[in-house]
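Student: I am new to this structure. Can you show me how to read its main features?

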Amino acid sequence: TVLGGRPGHGKTTLVINMVKGLIDQGFTVMLFNREMSNTEMLKKIVVMESKALEYVNIRRNDLSEKDKAEFKTVSDRIKNEYKDLIMYDGIRNLNDSLREIAKHKPDVIIDDYIQLIDVSNVREGRRFEIEKIMQEYKWICKTENCSAILVSQLNREIEKRLDPRPRMSDYAESGVIEQTAESAMFVFYGHNFDNERYSQFKSEEIVSKSRYG
């Protein structure tokens with residue numbers, strides 16, 4: 001499954017909620033954090049699990065004594081609840097990523113996000129690199145009997161249209177992703193485009209391709 005979205009639309013927030021849902025169901029999840037550190041991802045998980053803490057205050061280290069106590073309580077709890085979550089934030093290239101997948105054999109891999117993967121020994125051009133990434137992920141899923149959710153950046157065309165809701169052609173390398181993905185999804189936060197037309201409390205998940213129904 002490929003999940004696309006423009007910056008600020010909540011791709012990583014959706015990923016965190018997916019991780020929680022998968023962990024709650026008893027799956028082993030491997031998460032590649034290519035844009036943010038594991039520490040920042042854990043802070044976001046703590047905020048999600050707490051319901052009382054605010055991420056901006058944690059980032060600024062602006063916590064009251066009550067907040068600090070809440071942070072410690074939630075942190076201690078997630079150490080056990082998220083024991084089946086494996087996270088990496090220092091693996092740059094595709095081969096090393098595939099090696100870790102084959103070693104740990106997770107049920108689900110989430111890669112956030114694929115445009116930041118370094119691919120070697122590929123013909124010049126980003127299109128060929130994305131094609132290699134997609135093909136290798138399909139192969140590792142087949143050989144290790146796991147699933148993969150690949151987060152992808154969208155191009156800027158979405159910001160030039162009257163209807164800003166994303167479509168397949170908005171993928172940065174649309175042809176390769178559209179042909180290779182089993183499922184193609186988008187996260188869309190319309191409030192970023194028009195704060196009068198779209199509610200700040202609503203985010204859309206759009207499924208543009210679902211090969212199996």
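Tutor: We will take the sheet, then the helices, then the rings. Keep in mind that this is a predicted model.

Student: What is the strand order of the open sheet?

Tutor: First the general idea. Strands of a sheet pair through backbone hydrogen bonds, in a parallel or an antiparallel way. Here, seven strands form an open sheet. The order reads β3-β2-β4-β5-β1-β6-β7, and the pairing is mixed.

Student: Which strands stand at the edges?

Tutor: β3 (85–88) and β7 (204–210) do. Each has a single partner strand, so one side of each lacks a neighbour in the sheet. Neighbouring strands are also turned against each other, by 20 degrees on average with direction ignored.

Student: In which sense do β4 and β5 pair, and over how many bridges?

Tutor: They pair in the parallel sense, over five bridges. β4 covers residues 108–112 and β5 covers 147–153.

Student: Now the helices. Which strands does helix α5 touch?

Tutor: Helix α5 (residues 94–104) packs on the sheet and touches β2, β3 and β4. Its direction makes about 165 degrees with that of β2. Helix α2 (residues 38–50) lies across β2 (29–33) and β3. The angle between α2 and β3 is about 140 degrees.

Student: On to the rings. Why is the pair of Phe32 and Tyr88 called stacked?

Tutor: Check the angle between the planes; under 30 degrees counts as stacked. The planes of Phe32 and Tyr88 are at 20 degrees, with ring centres 5.6 Å apart, so this pair is stacked. Phe32 is in strand β2 and Tyr88 in strand β3, 56 residues apart.

Student: Are those two residues buried or exposed?

Tutor: Both Phe32 and Tyr88 are buried.

Student: What is the geometry of the pair Phe188 and Tyr198?

Tutor: This pair is edge-to-face, with 90 degrees between the planes and 5.5 Å centre to centre. Phe188 lies in strand β6 (residues 183–188), and Tyr198 in the loop between β6 and β7, so the pair ties together parts ten residues apart in sequence. Phe188 has 1% relative accessibility and counts as buried. Tyr198, at 14%, counts as buried too. Together with Phe193, they form one aromatic cluster.

Student: Which charged end sits over the ring of Tyr55?

Tutor: That of Lys44, 4.1 Å from the ring centre. Likewise, Arg127 lies over the face of Phe128, at 5.7 Å from the ring centre.

Terms used:
Residues are numbered from 1 along each chain as its sequence is written. This is a predicted model: local features need pLDDT of at least 70, side-chain atom pairs count only at pLDDT 80 or more; totals for chains, interfaces and linings use all residues. Side-chain values use heavy atoms; hydrogens and water are left out. Two strands pair if DSSP finds at least two bridges between them. Helices (H or I, at least four residues) and strands (E, at least two) are DSSP runs, numbered from the N terminus. Axes are lines fitted to C-alpha atoms, for helices over the stretch in contact, and angles run from 0 to 180 degrees between N-to-C directions. Contact means heavy atoms within 4.5 Å. Rings of Phe, Tyr and Trp (its six-membered ring) pair if their centres lie within 6.5 Å; planes under 30 degrees apart count as stacked, over 60 as edge-to-face and the rest as tilted. Buried means under 20% relative accessible area, exposed over 50%, partly exposed in between (1.4 Å probe, protein chains only). A charge sits over a ring if NZ of Lys or CZ of Arg is within 6 Å of the ring centre and within 35 degrees of the ring normal.
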